[in-house]
Structure formats: C-alpha cells, structure tokens
Amino acid sequence: MPRYKDEPPAIRVYTVCDESKYLIVKNVPALGCGDELSRLFGSYGDIEECKPMDYEDCEPFTDVYWVKFRQVNNARFAKRKLDEFVFLGNRLQISYAPQYESLSDTKEKLEGRRKEVLARLSRKVLCLFYTILISLFGL
C-alpha cells in the first residue's frame, strides 16, 4: 500500500540489545526444506544450528525455524538481506531472538559492539587530525 507524502517511511531501529546471533524464521514452507534453508542462511556466515521449532502461532502448511549464527554480524547481515525474501514461494519473516542468549553471549555481543564503535571513532579522530595538520602546515 503506497504511503502519503506527509507520512514518514516505516523504519525499525534495533539497539545492540535487540540484535542477536539467534534468528527465528517464520513462514518457511512445510516441505522438509531445512537443509536448503540452512544453506541459504549459511551463505551469510557460519551457522552453528538450524532446526525447526514448535511454534503455536504458525500459519497452516508452514514451519518456523531457529537459526544460530556463530557471530552477531553474520546474523545481522542475513536478517537484513533475507527478511521478506521469497523462499520456495513463501515470503520469509525473520526476527531476532535475544531471549535465547546466555550471559556469555550477551557479554560477547556488547564487547564486540564496543570494539566496533571504538574503531570507528579512532578512524574519525585520525582523519580529523590529518585534516588539521594539512590545513595548518599545508602538507
């Protein structure tokens, strides 16, 4: 459905706490296609597990899968690329599942994000430093 000119686009923002290396994939055709789904998600990074779930809110003739990636970055990339992707005729619905994280998973995720932010900041500071040097000394 098209939106009106004065309506802002629908945007979903995820915080580091919302993201997870665990994904729940809904609307998978109930055709026993777990291996194909695992290969599809595996093309976005190393997968530790991919297994069907017992899910009450499942549409008829569809399954729900639980996918565990080795790294949060890979899960983030896979979700961004495969959410609403048409897989064997059905549009996949992918959501993060941070409720399955252990304490060590959460600690690892937060530490990884801290390192990413520090790396970005240090690059920006370095660029700013060189810009100042060039403007002061005409290098």
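These legends walk you through close-up views of charged side chains in a predicted model. Residues are numbered from 1 along each chain as its sequence is written, and side-chain values use heavy atoms, leaving out hydrogens and water. Local features need pLDDT of at least 70 and side-chain atom pairs count only at pLDDT 80 or more, while totals for chains, interfaces and linings use all residues.

**View 1. Glu 19 and Arg 76 meet in a salt bridge.**
A salt bridge here is a side-chain nitrogen of Lys or Arg within 4 Å of a carboxyl oxygen of Asp or Glu; the count comes to 13. For Glu 19 and Arg 76, the closest N and O atoms are 3.1 Å apart. Glu 19 lies in the segment before β1 (22-29) and Arg 76 in helix α2 (residues 72-82), so the pair ties together parts 57 residues apart in sequence. Helices (H or I, at least four residues) and strands (E, at least two) are DSSP runs, numbered from the N terminus. Glu 19 is buried at 8% relative accessibility, and Arg 76 is buried at 19%. Buried means under 20% relative accessible area, exposed over 50% and partly exposed in between, with a 1.4 Å probe and protein chains only.

**View 2. Glu 111 and Arg 114 form a salt bridge.**
Their closest N and O atoms are 2.6 Å apart. Both sit in helix α3 (residues 103-137), and because they are three residues apart, about one helical turn separates them. Glu 111 is partly exposed, at 32%.

**View 3. A network of salt bridges links Glu 19, Arg 76, Arg 113, Glu 116 and Arg 120.**
Within it, look for Arg 120 and Glu 116, whose side chains meet at 3.6 Å, N to O.
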